Amino acid sequence: MKFLFIVQGEGRGHMTQAIAFSNLLRSQGHELAGVLVGKSHRRSIPDFFSREIQSPIFALDSPNFEADGAEKRILLGKTIRKNLKKAPIFWKSLLQIDNQVKSLNPDVILNFYDLLGGFYSMLFRPKAAYWVIGHQYLSGHPDFIFAPGRHLERFLFRLNTQVTAWGAKEVLALSFLPKIHQNKIRVFPPLLRKEVKNLEVKNEDFFLAYMVNPGYGEEVKNYATKHPHLTVKAYWDKKNATEKEQPLPNLSFHRVNDRAFLEDMAACKGLICTAGFESVCEAMYLGKPVLMVPVAGQYEQACNALDAEASGAGIASGNFDFSKLEMTPERNLEESIAFQEWVDSWPELFRNLVLETENSQAETSKSYRPAFT
């Protein structure tokens, strides 16, 4: 089967999922014909993604969150207003997607939670099967934990998720723990790359931090200033930042470099990060404790933190307080092994999904009878 990816460019999680899925495809004899990535004025496509996806990349103007002046809090009203003003630009992006679909002629268009994917599926009705994948789709499962209150944000989060899945033939919901399939939602393990599974786990004397919004850098710096006995390596997705900045003897900031980040994760005492799904899963696989700080104003991350806590990944926090991470115990060995087995079941689960898809297509073909012969 030939696949075409549409990947949301916000953060690193969807990109690392796309890399892992591309490796899975090739290992089972399938083809990745191209990758369409939603770009943002706040960040550029990381070098690691361009290097590891091993397929032509096409950048698209795509809806993105808008943050406050400090680059910390997501501003919902500003996000909606700015993206509505860009509707003509996004229409051109939809035409770009259509051109690539017609040129590459994929069997499956797989969307990693980009809003344009859903609009394209609904408005252009491609003959290729449209699939979606991401942790967000677990919100349609009865076991999903929603952050309390914040009813408008919950509504908009669910609406956004439903729009990305418009017309989807397969909805692949990534989950920390196994769950029973419900209706159209198939529950799958986290998508982790082979690099994570091949790392040598150590326990060196430093904490690792990752922030999707660079405004949290000042918060980390303030904490490191007050606690000089702690050593912190922090990674951020700050556009035009240098490769490494050392504002304090015990604190360094690094541009996102996925190989270095994973090596540091395998060696650190614990990870403190915004509550994205992928980094938490990587830490779980390596048996590292995690402190999760949901991005302010991003309801999806508030839900992620609750789900991760319930799954035993770590604890949620309102700020980058490393003392909480110091008190967090290491993950139970038995739980870590069970999680690793869940993650490692992807090849068999995907093989069964493809077989089911091919059988369904064959049955559809058999049932078709032309009106005239």
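Before I turn to any residue, let me say that a polar contact is a pair of N or O atoms within 3.5 Å, where, within protein, one of them must be able to donate a hydrogen and the other to accept it. Please also keep in mind that what you see is a predicted model.

With that in hand, let us begin with His141, which you will find in the loop between β5, residues 129–134, and α6, residues 151–164. The side chain of His141 comes to 3.1 Å from the backbone nitrogen of Asp143. His141 has a relative accessible area of 4%, and because buried means under 20%, we call His141 buried. If we set aside the neighbours within four places in sequence, His141 is in contact with Lys179, Ile180, Gln182, Ile185 and Val187.

Tyr113, although it is not a glycine, has a positive phi of about 65°, and Tyr113 sits in the loop between β4, residues 108–112, and α5, residues 115–124. Arg150, also a residue other than glycine, has a positive phi near 50°, and its place is in the loop between β5 and α6.

Are these two residues, Tyr113 and Arg150, buried or partly exposed? Tyr113 is buried, with a relative accessible area of 3%, whereas Arg150, at 34% relative accessibility, counts as partly exposed.

Terms used:
Residues are numbered from 1 along each chain as its sequence is written. This is a predicted model: local features need pLDDT of at least 70, side-chain atom pairs count only at pLDDT 80 or more; totals for chains, interfaces and linings use all residues. Side-chain values use heavy atoms; hydrogens and water are left out. Helices (H or I, at least four residues) and strands (E, at least two) are DSSP runs, numbered from the N terminus. Buried means under 20% relative accessible area, exposed over 50%, partly exposed in between (1.4 Å probe, protein chains only). Contact means heavy atoms within 4.5 Å.
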